[in-house]
There are 2 protein chains.
Amino acid sequence: MREVDLVITGEKALLLDAKNTCLDRVAIAINAGNIIAVGPTEQITQQYRAKKTITANDSLIMPGFVNCHTHAAMTCFRGIADDLELMDWLNNYIFPAEAKNVNKELAYWGSLLAAAEMIKSGTTTFCDMYIFEDETARAAKEAGMRCLVGEVLFDFPSPNFKTTAEGIAYTKMLIEKWKDDPLVNIIIEPHSLYTCSTPLLTEVKELAEAKRLTEDYHLPMGLHLLENAAEKKQLEEKFGKSAVSFLGDIGYLDEQLIAFHCVYFSDKDMKIFADHGCKVVHNPASNMKLASGVAPVPEMLKAGITVGLGTDGCASNNNLDMIKEMSTAAKLHKVARLDPTVMDAQTVVRMATIEGAKALGMERTTGSLEIGKKADIIIIGLNKPHLTPLYSEYSHLVYAASGADVDTVIINGKVVMENRRLLTINEEEVMHKVREIAVKVKQSLRE
Amino acid sequence: MREVDLVITGEKALLLDAKNTCLDRVAIAINAGNIIAVGPTEQITQQYRAKKTITANDSLIMPGFVNCHTHAAMTCFRGIADDLELMDWLNNYIFPAEAKNVNKELAYWGSLLAAAEMIKSGTTTFCDMYIFEDETARAAKEAGMRCLVGEVLFDFPSPNFKTTAEGIAYTKMLIEKWKDDPLVNIIIEPHSLYTCSTPLLTEVKELAEAKRLTEDYHLPMGLHLLENAAEKKQLEEKFGKSAVSFLGDIGYLDEQLIAFHCVYFSDKDMKIFADHGCKVVHNPASNMKLASGVAPVPEMLKAGITVGLGTDGCASNNNLDMIKEMSTAAKLHKVARLDPTVMDAQTVVRMATIEGAKALGMERTTGSLEIGKKADIIIIGLNKPHLTPLYSEYSHLVYAASGADVDTVIINGKVVMENRRLLTINEEEVMHKVREIAVKVKQSLRE
């Protein structure tokens, strides 16, 4: 018998592999962070002796969720201003709150709070764009979360840099500092086409290209794209062509491109994205709450685009719960098209796991329960009134479950939450620190 | 000092009264099921000696939610068939499952499971329409839930009656049996205008009228109305006028009328409803999942119509969580109108509490924390990462909270859940019984 770090046994597992395998009476053996065996409980327990065993009765075992777009530290602004006109919201609340309050401390504690919330609702990997991302990386590392983080870059100063040169230097620092980390990956993130000049966009793309030629780790590019109608109009006027065509002109259209939102995508945009292997991240709750519009996701999927799911940040959602996001994604497109068959539950669960991993270029690492992948696994307790009876696991995940049903979370083979107790984060301390920050934030908006 | 049954003390309470009062360091005194005092903690605790005290630290005290439209026993069909065309879903799954399986046992255990789920997500009152409603009333009574229940009536036989005469007789029995009950109220519920003949509609309206003249308890009328586009078209062809005009012809347009869904309401329909004091119940999750459409709720509110919120049944939602429903209601109308200011958080919380109570004609009993009303109160725990920091209670309830955040529920002055432990329902037994029923349901669909 081979000794391994961890064996999880349970009644049922959704693997989210290519065949959507669902296994009963299943066990998963994990060693050195990797899934080394998945199979019938008896077979696995005869083959492996575990240092630690987790028994998942009345539960569902599945890969952790991949939150493909968020701004983690913005938990500090959760609920600060809602139900407002976009420009009122941005100019009178979000921008001043950020300008006056965002610093390393806020970035660190806000990100740690986000990690706590994400783990407690089953997310094991997140892709982040914000300010002082080294602090977000540090928080994720401490929390034991897998992440893909990028400093937001634009032409105007941020609380972290006075010039774009400083912003690019900071990004280079992130790349060097975290290049061998098992959990932290770096993404290059120009904010959007309406906040970045062509020289900046070109320079950061060269940075990504050069790194991709010499390094083996992920160095994708991420940016907000066509989130609302005003942006589409403005960009078409600015470029004299569609935003997606302009992306072609500056060499952005390749498999490394991850575009967030893409609400105003034409059929032609979709064809171009599909032809070039560009990825899309869908953020339905944010698109609804900010009244941005409905992204043509069923059409994107039909066109062959890889689409991941994201919560966006807590100023525009106001939560980081991927189970809520799945529910929203499944229902929004049905009503928008008056067609109850689009975005079926299984499609949406895949979007929140393996398709999200593909969108981030991390599908060899995470997103499904398969031998050779990292052990990013969640266990969802099913013995609850709202999950009874059980006809379909996928339906329950999308239409009935809640983040609070996630009992246990394993990331990179390490148990980070067990029976809803966080093992890597001092929850009370984090909430206390963020409440102190919030007092200052509130004060700053009165000044 | 006066002795009372219960005093709740806490840091913060939303009263949901006409002024949307929010009180800090608050206490509520309850005796014989009634709220007898609401005020500063010191004042109340000096005035009243409590047999039982609940201390709600790090929590929000508020009225329980009013779920204005559901089919409780359909928990037994939760997730049995999703993401299908409406007619495929109804004819090949829901109707056969009902015809083969609905009996007193299913109605009772399904309703008790629904009560468990509703209490655990903060609902204290629900309005139900289904088959064998005497069993639903019995389950609600045992669970300690306030309810307004009505046997569904239509021209064809149901598992409970062969003829409409039997259905009407059953409704009369319900009225007589439950007339003095402190928790159970009866509503008369012809299913819809497309399943009920004019003679049936007229006869049941007379039943309601007669009762209203002689009795003091609630006897409203409820029916599904204009849920989808096909129904609107069909009814206009059938009546040669709009469905709402037809309701006027048969004397339905008064303050006792509660119409469920009303997705396809014209400006004229809204004016007629407003002029006659008719009520509307909005079920956004069901309308999205079944791809029915988006009800013009902001316009209804502007027209002065009282609109309550409902989850609909578990075949079309698939949950009974009013916090999820609030989140859906707030976001759906923003994106449908591309206007982030409609359906603000406070409006939606009112719709889920006091406006819902008004819609059901129960606003003298429940829906807000005011002296003289019944003590239908919930306590929501706020000391959680996803509810940190706290800038706005209303925003948190609508955009960040989850049903699992409800810790304690009091209905009619009785504690029915304390620190998430149900005190009136044997959860394990109920889930076991419904799982047994589900095995038969699954088998019946294979036959």
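Asn318(B) lies in the loop that runs between strand E14 (307–309) and H12 of chain B. In this predicted model, the peptide bond that joins Asn317(B) to Asn318(B) is cis, with an omega of about 5°. A further cis peptide bond leads from Thr388(B) to Pro389(B), and its omega is near -10°. Pro389(B) belongs to the loop between strand E15 (377–381) and H15 of chain B.

Asn419(A) is not a glycine, yet its phi is positive, at about 50°. This residue sits in the loop connecting strand E17 (414–418) with strand E18 (421–422) of chain A.

The contact of the two chains may be considered next. On the side of chain B, 66 residues are in contact with 66 residues of chain A. The area buried between chain B and chain A comes to about 4,900 Å², and carbon and sulfur atoms give 61% of this area. Three residues, Asp83(B), Pro385(B) and Tyr391(B), supply 16% of the area that chain B buries against chain A, which is more than any other three residues supply.

Asp83(B) also takes part in a pairing of charges across the two chains. Side chains of opposite charge can pair when their charged atoms come close. Here Lys334(A) forms a salt bridge with Asp83(B), and the closest N and O atoms are 3.1 Å apart. Between chain B and chain A the count is two salt bridges, while the residue pairs in polar contact, both at pLDDT 80 or more, number 30.

Several elements of chain B give two or more residues to the side that touches chain A: helix H3 (104–120), helix H10 (284–289), helix H12 (322–337), helix H15 (393–400) and H16. H16(B) gives the most to this side, with eight residues. Sorted by class, the side of chain B that touches chain A comprises 33 nonpolar, 16 polar and 17 charged residues.

H16(B) has a packing partner within chain B as well. Two packed helices are described by the angle between their axes and the distance between the axes. For helix H2 (residues 86–101) and helix H16 (residues 427–446) of chain B, the angle is about 115° and the axes are 9 Å apart. The crossing in which H2(B) passes H16(B) is right-handed. From H2(B), the residues Asn92(B), Tyr93(B), Pro96(B), Ala97(B), Lys100(B) and Asn101(B) meet Lys440(B), Val441(B), Ser444(B) and Leu445(B) of H16(B). The residues of this contact divide into five nonpolar, three polar and two charged.

Salt bridges can finally be viewed over the structure as a whole. A search across all chains finds 54 salt bridges. One of them lies in chain A, where Asp5(A) pairs with Lys51(A) and the closest N and O atoms are 3.2 Å apart. This pair links distant parts of the chain, with Asp5(A) in strand E1 (residues 2–14) and Lys51(A) in strand E4 (residues 48–56) of chain A, 46 residues apart.

Technical notes: Residues are numbered from 1 along each chain as its sequence is written. Chains are lettered from A and ligands numbered from 1 in the order in which they are written. This is a predicted model: local features need pLDDT of at least 70, side-chain atom pairs count only at pLDDT 80 or more; totals for chains, interfaces and linings use all residues. Side-chain values use heavy atoms; hydrogens and water are left out. Axes are lines fitted to C-alpha atoms, for helices over the stretch in contact, and angles run from 0 to 180 degrees between N-to-C directions. Helices (H or I, at least four residues) and strands (E, at least two) are DSSP runs, numbered from the N terminus. A crossing is left-handed if the near helix is turned anticlockwise from the far one by less than a right angle, and right-handed if clockwise. Contact means heavy atoms within 4.5 Å. Ala, Val, Leu, Ile, Met, Phe, Trp, Tyr, Cys and Pro count as nonpolar, Asp, Glu, Lys and Arg as charged, and the others, Gly among them, as polar. Buried area is the accessible area (1.4 Å probe) that two parts lose on being put together, summed over both. A salt bridge is a side-chain nitrogen of Lys or Arg within 4 Å of a carboxyl oxygen of Asp or Glu. A polar contact is a pair of N or O atoms within 3.5 Å; within protein, one must be able to donate a hydrogen and the other to accept it, and residues adjacent in sequence count only if both atoms are side-chain atoms.
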